[in-house]
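Hi everyone, thanks for coming.

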Amino acid sequence: MIKWGLKWNRRISLLWLIVSSIHCFSQNKINEISIADSGISSSQNKILFIDSSGFIWHNSLNGVTREMGNQKEFYKLKTKNGNIIEEVYDFIETKNGLFWALTEFGAFEIDPTKGVIQCLHPTEKIGEKRDSWFNSAYEDANGNIWLGTCTNTFYCIRPNQETKKYSFNVPLPKDNLHLLLISKILNIKNQQITFLTYHGIYVGELESKKLTFHPLPNFFLNKIEKDYKDRPFYYLKSHQNIPYKESYSGKFKLQKKQGGYFYDKNLEAFVLQLPFFNYKLKYTSKNTYKLIATDTKKIYLGTIEFRNGIPILKNNTLNSINVSVKEVEFFQNNTIIGISPEKIYCFQLYNNSFNRFLSNKNKLISTRGIIEDDSLNTYVAAHYGLYKKTITDSIFSKIELKNTTNKDPFYEGIIYDIEFINNESKVILYGFANRLFDVDLKTNTFNVHPIFNELKLKFPPTIIDILNSNYNELLLATTNGLFKYNLSTKKLIYTGNLSPSISLNKEVNYLFLDKENNNLWIGGLQGLYKKNLKTNKAVTYLKNDNSNLDMSKSIKVITKDSYGNIWAGSRDGLYKISAKSNYKDIELKDFGLKNNNIVGLIPHGNFLWISTFNGLIQLNLENSLTNHYYEKDGMPHNEFNAKSFYKAKNGTLYFGGLNGIVNFNPDELIFNPQKSSIYCSYIQKYNPEKKESY
């Protein structure tokens, strides 16, 4: 039995309590988190179902078992003769919180608090003696429950418990009755029912009983007759933007194995046939699906992409886990569950979508600025120097820079950021020094600009951010306020006086130019300000009291999302300036972040990616829900650095921190749309005097 003390209401059970072993494959790490035993059915037809409250359901020697932590309930499914039914063919959860378990001997409706509340038996027969059975359940948009039999008769149970039967004349196999298990309801809409059988897909008119048949390719049928699997077909509604005009089919490689595909132009849907005993696909985005599968000896993980309508196994790679299970199921973004005749396994994965670079435990490389040139070469400014990765390289290599004047090498430990200027014809390195470094990436040489020497200050300013306002003209955010510097004339001007009442003479951390509205946003220790470059009008949004600094008003990063809103991250919180209010209203948002010290912001579609001192956060801009990513999920570190984030031309996101950088395609990640609540199912206290718990 699984043992843990906390009940996670929304799909969070099973995680983070007892780690019994760790396995590694490729760049993924898998933790076997928890194991359940006792009473699991050895039936060939396993069910593994995770309900909306995070409970695991499976068939057992007692019928159906629901369990979470120390909670375990048995729901006995009995034949008319009183015998316990072990095999379950299908299992669903309805919108009203009830469940249906379909077996060879009837369909059972289960109320978790009351037990089995009704049982239906099909009246049809296969031949003269063999009773038919239910093997497919479906809930339509109106709350009607549909139960399909192996003989393609369908029972509709309405919310008022009225039951209606629909029968269709579909040919049955003569010998291999196990092929009837393939029958499955796919869709019910507009008085039509679409269902899958062992030889094709039917669309039936509920009133007229008219059938339209969509046959499967012959090689599909030949394979299941020779080598029947638990679920040989997988039906996918097409996510293509433009439906294909013709039906087609073919085969594709799955490493050393082979799968089949069939596209029906009328249904605008795919049917896949994969060489596994059991498998699941989960749509991510842009015609990409996550795959988990089992051949009863191992669990396999991979990604299937549809390119021009053809399924392809990404990189022709399937990662594997040496665990024998009969059914697999997705749990959370990076968690899967498998069930065997003896145990339930839960595996937490390092997300394969995350690629880590410059990650070295023996010599931590703290990374900062990230840029990309027109040839798609990527450059990273780090504490130990400047690194480069070409589009064909798999690693970053250090660039040895030399001074054009005396050929001296570049000093390590002074780089904070790197920026292209003058339409990407020149690169500037800066940070942790009162100088700029003008770099030629073709010759790997640099010139030094000792820009603050003329000020003759005891402690010259450190440059924190730059903005290329005009050709060869830079706006400098420094520890001593705002300056303007011309690379040609080498002239330096203090520009911190935004207005008679606004003087930025302390630490300025970030400059953001909203080109659409000609607004320059300025964030730093003194707060958040906006200056219109046409009218020179300056507006104060947040002002910090010099005598009593409020870290929530100390701004470190600014961006603009796809809705036109301005976001500002501070040392203690995230602010939103709404476009709907014409940028008049500012609001401190609370998203329950573990660390409110925000150092990076990248908008992407409907999401805002936030790097902090403790993890990476994916914020859904439509509903304010969040996903969190840490080292356990594949991050090279939990603490990210300021100025170390970048969105590449192909949409890839980069974030850097104390131990290298991570990049990933955000469209490959699955967003978990449900908030989770934690409930305590039991409390145990230890008495040290009696040396016992109670």
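Let's begin with a cysteine. Cys150 is buried, and its relative accessible area is 0%. Cys156 is buried too, at 1%. Please keep in mind that what you see is a predicted model. How many disulfides does the structure hold? The count is zero.

Now to the sheet I'd like you to find. Four strands make up an open sheet, in the order β50-β51-β52-β53, and their pairing is antiparallel. Which strands stand at the edges? They are β50, residues 508–514, and β53, residues 538–543. Each of them has a single partner strand, so one side of each has no neighbour in the sheet. Going from one strand to the next, the twist averages 15 degrees.

β50 runs antiparallel to β51, which covers residues 519–524, and six bridges join the two. Across that pairing, Phe512 stands opposite Trp521 in β51.

Take Thr559 as our next stop, which sits in strand β54, residues 555–560. Is Thr559 buried or exposed? With a relative accessible area of 7%, Thr559 is under the 20% cut-off, so it counts as buried. Leaving aside residues up to four places away in sequence, Thr559 touches Phe512, Asn565, Ile566, Trp567, Leu601, Pro603 and Leu608. So there is our Phe512 again, as one of the contacts of Thr559.

And Trp521? That residue belongs to the largest nonpolar core, which has 55 residues. The members that touch the most other members are Leu436, Leu476, Trp521, Leu528, Ile558, Trp609 and Phe655. Apart from that core lies another one, of 20 residues, including Leu254, Leu274, Tyr300 and Ile304. As background, nonpolar side chains in soluble globular proteins tend to be buried together.

Let's turn to charges. Side chains of opposite charge can pair when their charged atoms come close. In this model the count comes to 15 salt bridges, and I'll show you three of them.

Here is one: Asp295 pairs with Lys257, and their closest N and O atoms are 3.6 Å apart. This pair links distant parts of the chain, 38 residues apart: Asp295 lies in the loop between β27 (288–294) and β28 (299–307), and Lys257 lies in strand β24, residues 257–264. Asp295 counts as partly exposed at 22% relative accessibility, and Lys257 counts as partly exposed at 29%.

Next, the side chains of Glu305 and Arg307 meet in a salt bridge, at 2.6 Å from N to O. Glu305 counts as buried at 13% relative accessibility, while Arg307, at 45%, counts as partly exposed.

My last pair is Glu419 and Lys643, whose closest N and O atoms are 3.7 Å apart. How many residues apart are they in the chain? The answer is 224, with Glu419 in strand β40 (residues 417–421) and Lys643 in strand β62 (residues 640–647). Glu419 is partly exposed, at 23% relative accessibility, whereas Lys643 is buried, at 10%.

Methods: Residues numbered from 1 in each chain as written. Predicted model: local features only at pLDDT ≥ 70, side-chain atom pairs only at ≥ 80, totals over all residues. Heavy atoms only, no water. Buried < 20%, exposed > 50% of the residue type's maximum accessible area, 1.4 Å probe, protein only. Contact = heavy atoms within 4.5 Å. Pairing = 2+ DSSP bridges. Axes fitted to C-alpha atoms, helices over the stretch in contact; angles between N-to-C directions. Disulfide = S-S within 2.5 Å. Core = buried A, V, L, I, M, F, W, Y, C linked by side-chain atoms within 4.5 Å. Salt bridge = Lys/Arg side-chain N within 4 Å of Asp/Glu carboxyl O.
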